[in-house]
Amino acid sequence: MRTLRGKRRQGKILASSFFMDIYDIESLAVLSHDLGLLKFIKTFSENAPQLALMLTTILQRGQLDPCTVLKAVVSATAIAVNVTMYHRALHSFLPEEKKQQLLSSAVYFLWNLFLISSRLTALALFASVLPCFIFTHFICSWLLLFFFVWRSKTDFMDSPGGEWLYRATVGLIWYFDWFNVVEGRTRYRTLLYHAYILVDVLLLCSLWCWKMSTAPPYFVIPQLYAMITAVSVVSVYILGILLKIVYYKCYHPNLAKDELKGGPTGQGPMRSSGDVLDGDVVIDGDSVPQTIILMEDTGFRSMPSSPAPSVQRCNKRMRKLAENFYS
């Protein structure tokens with residue numbers, strides 16, 4: 001009897017270890033989504049302002065040598081890559097028949113590169129001639145964008161305080177690039193946003209041209225070169241908008257939120273990233289019962305258990321963002 005009890009105890013430990021490994025795999029997927037979201041936020045709260053500051057310093061010192069320009073291009077590319085990696089993370093919620101190819105990510109990368117680079121360059125041009133007013137520009141723009149986020153009635157966080165913090169973060173992201181915050185069609189909101197940013201970029205570049213022609217603070221640039229620079233920055237932003245239209249026309253799948261993986265229909269009930277439930281575990285769509293016992297002198301066998309709904313472990317925050325992006 002003691003031997004039998006020892007074997008049963010050992011069997012329970014092995015079975016528990018097996019399912020803990022499965023749980024760890026699911027936890028890693030959830031954590032990777034959380035880290036990807038944090039990296040996305042860090043891109044616009046740290047990397048983008050640093051690049052704008054670097055461009056401002058370059059313009060003030062007049063250091064436009066190839067090495068310095070290459071550093072700026074690499075930094076802008078890194079920001080666009082981080083945004084594209086966030087886009088790739090959302091792919092995990094697409095059904096297999098709707099999976100996007102690498103070409104869609106390439107187009108997504110290009111239009112983000114053009115839009116973000118143009119926006120940061122315009123901010124740097126303005127800050128290089130009117131450095132004290134760039135803070136006023138940021139505060140006023142952020143308050144306006146924060147107001148529109150509030151009017152969008154987002155419901156991303158669980159607590160009211162967390163929701164206000166999320167809205168403030170979205171306002172910061174919108175200062176540099178567009179970010180979907182509500183599900184459904186956002187065509188008119190996107191057009192309004194890009195129209196506002198385009199006018200702002202045009203205004204910032206115009207003020208830089210005017211300042212460089214009337215009272216250049218550090219070094220003199222011929223009026224023609226200043227105008228070519230301003231027109232180029234605005235043109236790059238327009239090119240980014242055109243590429244974005246191409247992406248949404250040719251590569252973007254429009255899905256209902258129930259069609260995404262981890263939803264309540266067709267995929268079993270969703271389990272949030274913080275829940276720990278007993279019952280079956282879903283592995284590649286198959287339900288594996290956790291009731292495993294040790295038979296006397298014969299090893300393991302599975303006992304039939306009562307039917308239970310399959311449960312998938314899902315990062316509810318990233319799935320909400322996927323609903324906003326694809327619906």
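**View 1. Confidence across the protein.** Mean pLDDT (the predictor's confidence in each residue, from 0 to 100) is 76 for the protein, and 68% of residues reach 70 or more. This is a predicted model, in which local features need pLDDT of at least 70, side-chain atom pairs count only at pLDDT 80 or more, and totals for chains, interfaces and linings use all residues. Residues are numbered from 1 along each chain as its sequence is written, and side-chain values use heavy atoms, leaving out hydrogens and water.

View 2. Helix α4 (residues 133-151) has the highest mean, 95, while strand β4 (residues 292-295) has the lowest, 38. Helices (H or I, at least four residues) and strands (E, at least two) are DSSP runs, numbered from the N terminus.

View 3. Over residues 264-311 pLDDT stays under 50, and the model has 79 contacts beyond four places in sequence for them; a contact means heavy atoms within 4.5 Å. Residues 12-23 also stay under 50, with 13 such contacts. Where pLDDT is low, the predicted coordinates should not be read in detail.

**View 4. Helices α6 and α7.** The axes (lines fitted to C-alpha atoms over the stretch in contact, with angles from 0 to 180 degrees between N-to-C directions) of α6 (residues 187-214) and α7 (residues 223-250) come within 9 Å and cross at roughly 170°. The two helices are therefore roughly antiparallel (angles over 145 degrees). Residues making the contact include Trp208 of α6 and Tyr237 of α7.

Methods. Angles under 35 degrees count as roughly parallel, over 145 as roughly antiparallel, 65 to 115 as roughly perpendicular and the rest as oblique.
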